[in-house]
Structure formats: structure tokens, C-alpha cells
Amino acid sequence: MLSHAGLITAAIVTTLSLTSPALAETRVYITKDADGNPVFSDRRTQGSEAHIVRELPSMPAFEAETTTPTAAPAERNQDQFSYTSLTIVAPAAGATLPTGQAGNLEVSGVLSPGLRDSDSLVLVQNGVEVASGRQTAFQLTNMNRGEHELQMLVKNAQGKTIIRSQTVTIFVQRNSSLAR
């Protein structure tokens, strides 16, 4: 049986072993494959080099205070709200739509933060608004052959543009009516 001093010593050693950064580590062995790419393993092999990976310090998640709003949420959000980004993610800039797709294409975007109830997304093709709605994906059908510039906009209820995406240029291949 441990004495009182022995119990205290055991408690201190246990506490230090649980909180010591030196013990919160992992040994990893690194070798190179035939192409020179690194290969990581938890087992030592011939020619491997040992590395110690230490746990990174972390902080607990932030907990926001909950308060009772004084103004209606819609009124408060309209004054402080702004979109941070609008990006066309498909098709990629410079993409070519092959002949077999008959000029049909889906244009997809990402908007952050999400679309407000009072706003709408608009798809612009070659400077002309061709579709609008609340979705971030639009289907274009039977596009003419040639070069097309695509852009997405967010417009408010008054029709004012709030944010624009980048312009994406794509190329559509279609059979010519002259080549019959």
C-alpha cells in the first residue's frame, strides 16, 4: 500500500504524463518510392528515416453568447448583410463542349453566404440575362457553336446587382449546317 506521499507522487506523475507534450507524439517512418515520392509508415523499413510528429496545441470551440434580438431579424440582416463570394465552379474557364452534347450545358456556382429571400441569382450569357431564380445551377440548352462568356449575378428586389462572379469563357463545338 502506498503512503500519503506516495499517492501524491503517483498523482503528479499521472497528471504530468497525461499533459506532457513529449508523450503526445507519434513516430513516423519516411522512405521514398521508385519515383521519389515520400511514403509514410508506422513501421521501420530498410532505408527509412524516423520523424516524431507532435500533437498540435488546440483551443476549445468558441461559444457565442445568446441574446434576445431587439430588432426583427429581417430588418437587422438587411442593414448588415453582404455576400462574400460568388464563383462559377462548372464549367471551367476555357472548357470545350464537344459536338455530341448538342450545345447543352449546366452552369453551377457557389454563393457565400446563402441567398437571401429578397434576392435572386441571374445567369448572364454573352452579356444577356438568360435565366434567373433561387438556385445556383442553371441548365443551358441548344447553345450555338462558338465562344460564350458566362457570368452569375445576385440582384436585389429592385434589380440592382449586389455581387458578380468571374466571367468564364467556354467554347461550344457543333456540326455546321454547311457541312452536310
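This report walks through a predicted model, from its confidence to its sheets, core and a few single residues.

Let us start with confidence. The protein has a mean pLDDT of 79, and 74% of its residues reach 70 or more. Residues 4–22 fall below 50, and this stretch makes two contacts in the model beyond near neighbours in sequence. Where pLDDT is low, the predicted coordinates should not be read in detail.

## The sheet of β1, β2 and β3

Now to a sheet you can trace by eye. Three strands form an open sheet in the order β2-β1-β3, with antiparallel pairing. β2 and β3 are the edge strands, each pairing on one side only. On average, neighbouring strands of this sheet are turned by 35° against each other, direction ignored. Strands of a sheet pair through backbone hydrogen bonds, either parallel or antiparallel.

Strand β1 covers residues 25–32, and four bridges join this strand to β2. Within that pairing, I30 stands opposite F40 of β2. β1 and β2 make a hairpin with five residues between them, and G36 in the turn has a positive phi of about 90°. With β3, β1 pairs over six bridges, again in the antiparallel sense. Here Y29 stands opposite A50 in β3.

D42 sits in the loop between β2 (38–41) and β3 (49–54). Is D42 buried or exposed? D42 has a relative accessible area of 60%, above the 50% cut-off, so this residue counts as exposed.

D42 still has partners from elsewhere in the chain: setting aside residues up to four places away in sequence, D42 touches R27 and Y29. The C-alpha atoms of D42 and T26 are separated by 8.6 Å, with the two residues 16 apart along the chain.

## The sheet of β4, β6 and β9

Another open sheet of three strands has the order β4-β6-β9, with antiparallel pairing. Its edge strands are β4 and β9, each of which pairs on one side only. From one strand to the next, the twist averages 25°.

β6 and β9 run antiparallel and are joined by four bridges. To find this pairing in the model, look for L105, whose bridge partner in β9 is L140.

## The largest nonpolar core

The largest nonpolar core has 20 residues, and V107 and V154 are those with the most contacts inside it. Strands that give two or more residues to this core include β4 (85–90), β6 (105–112) and β9 (137–140). β7 (120–125), β10 (146–155) and β12 (168–172) also give two or more.

## An aromatic pair

How many aromatic pairs does a search of the whole structure find? The search finds one. The pair is F81 with Y83: the ring centres are 4.8 Å apart and the planes lie at 85°, so the pair is edge-to-face.

F81 is partly exposed, with a relative accessible area of 25%. Y83 is buried, with a relative accessible area of 9%.

Technical notes: Residues numbered from 1 in each chain as written. Predicted model: local features only at pLDDT ≥ 70, side-chain atom pairs only at ≥ 80, totals over all residues. Heavy atoms only, no water. Buried < 20%, exposed > 50% of the residue type's maximum accessible area, 1.4 Å probe, protein only. Contact = heavy atoms within 4.5 Å. Core = buried A, V, L, I, M, F, W, Y, C linked by side-chain atoms within 4.5 Å. Phe/Tyr/Trp six-rings, centres within 6.5 Å; stacked < 30°, edge-to-face > 60°. Pairing = 2+ DSSP bridges. Axes fitted to C-alpha atoms, helices over the stretch in contact; angles between N-to-C directions. pLDDT = per-residue confidence, 0-100.
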